[in-house]
Amino acid sequence: MENQYIIKGGTPLYGEVTISGAKNAALGILAAAIMTDETVTIDNLPDVRDINVLLDAIEGIGATVHRIDSHTVEINGSTINDVSIDYDSIRKIRASYYLLGALLGKYSKAQVALPGGCDIGSRPIDQHLKGFRALGATVNIEYGMINTHADKLVGSHIFLDVVSVGATINIMLAACMAEGRTVIENVAKEPHIVDVANFLNSMGADIKGAGTDKIRIRGVERLHASEYSIIPDQIEAGTFMAAAAATKGSVLIKNVIPKHLEAISVKLVEIGATVEEFDDSVRVSANGRLRHTQIKTLPYPGFPTDMQPQIATLLALSEGTSTITESIFENRFKYVDELARMGASIKVEGNVAIIEGVEEFTGATISAPDLRAGAALVVAGLVADGYTTVDSIQYIERGYECFEKKLRELGASIEKIPIDDERAVQKFKLKVG
Ligand code: UD1
């Protein structure tokens, strides 16, 4: 049964929220985990749909997956008996392609269905394939599958034409057991790149320079057992930061790495919110109307494209005219029409959104177009006057663990109810008055 969120807006968020492990780091790390025949234990795994789909696929090719609890898993890749992955579910997640790099790196061959993921623009994988080819692999795309194989992988010097998170991780995976040295230049520097590299190094890989523009890898013969804890999710944290500021509340966001949030913190401060940084938490508070600003999404350490819809929601309620330039994905403004139904005034011209701040939103029936946009619409519902229902929340559940529960614990009036369940709607309305 499909669910939806019902929200009664207008309550400032107060209290503490604990951020889960980083989804995008976890996806790379789970794929990396199958590259050793020894048992790997991974902790601080977010309990979200994309992770569970990837774990099912890993189990599907014969690896042993033992879930210790909802955030800890043991994986043993010694029992893998298939290097071909083609499930309906795996096609829906972007990171399925990490299995290509991992299997190619380990077995010198792999077949994986072309990846899906959020529909936020054209998402080519030419840089991934360029990297595999440079390492000596043959790559063909046939019947919706990417087929790749090599006699053996040999280290190479690769210059990425575009800064790509996925290509950086995928080439790292494929290269860590290739013969000799690999240098990858113009790589992405996101915190999850560093986390995947750290994890591979904890298994015995020799990767240097993750977090800079150039990654250097010395191939090792084998990888070994490891126990590893995934970093906190930068974007989940940023989403709660935006929600705290939008509702004019004050929230302590725990289990974060404040440095990873700097681009977001700076913009929040610029528009008039208060951000206090502690060792592993940040407090975001806001009072009164926030101000307009200009934002451009960029690869890390720039402002993350995955925070663009959430910050747009905030700016749509801020005084004056703001602009957001989306420079990573061309189709990332699909939430704009939904926000307009709540009273926002946003015009999109090419890759720029021009936002005229309004005083308030009013509740509406809206639909989540993708993961981050869905989260942004929930934030809009938390601020809006009256009731908002958000459907297609399966997108949101791909990447946010217990989203409505965490928001409720901060005082929000939000519930997950079955779609078209009028009685559940009435019950919610009675409860929240
Ligand atoms: C990852 C994240 C996603 C985030 C994005 C940018 C995961 C699972 N997803 O996506 O949440 O929004 O990084 O931070 O980690 N490109 C090419 N050729 C390629 C690869 C990419 O042209 O071979 C282009 C893309 O079209 C895009 C840009 O490079 O314009 C960046 O994409 P990339 O960093 O690869 O994004 P993903 O890894 O798909």
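A pocket is an open set of points on a 1 Å grid over the protein atoms alone, with protein on both sides within 12 Å along at least five of seven lines. This is a predicted model, in which local features need pLDDT of at least 70 and side-chain atom pairs pLDDT 80 or more, while totals for chains, interfaces and linings use all residues. Residues are numbered from 1 along each chain as its sequence is written, and side-chain values use heavy atoms, without hydrogens or water.

**Shell around the ligand**

- The ligand is surrounded by 22 residues, and Gln 127, Ser 164, Val 165, Asp 306 and Ile 328 are the closest (a heavy atom within 4 Å).
- α5 (126–134) is one of the helices that supply at least two shell residues each, and its 3 residues are the largest share.

**Polar contacts (N or O pairs within 3.5 Å)**

- The side chain of Asp 306 places an N or O atom 2.5 Å from a ligand oxygen.
- For Ser 164, a polar side-chain atom is 2.6 Å from an oxygen of the ligand.
- An N or O atom in the Tyr 97 side chain is 3.2 Å from a ligand oxygen.

**Cavity**

- There is 1 cavity of 30 Å³ or more, a cavity being a set of grid points where a 1.4 Å probe fits but cannot get out.
- The largest cavity holds about 40 Å³, the volume being the space filled by probe spheres set on points joined across faces, edges and corners.
- Its lining (residues with an atom within 4 Å of a point) includes Ile 19, Asp 233 and His 260.

Definitions and conventions: Polar contact = N/O pair within 3.5 Å; in protein donor to acceptor, adjacent residues only side chain to side chain. Helix = DSSP H or I, 4+ residues; strand = E, 2+ residues; numbered from the N terminus.
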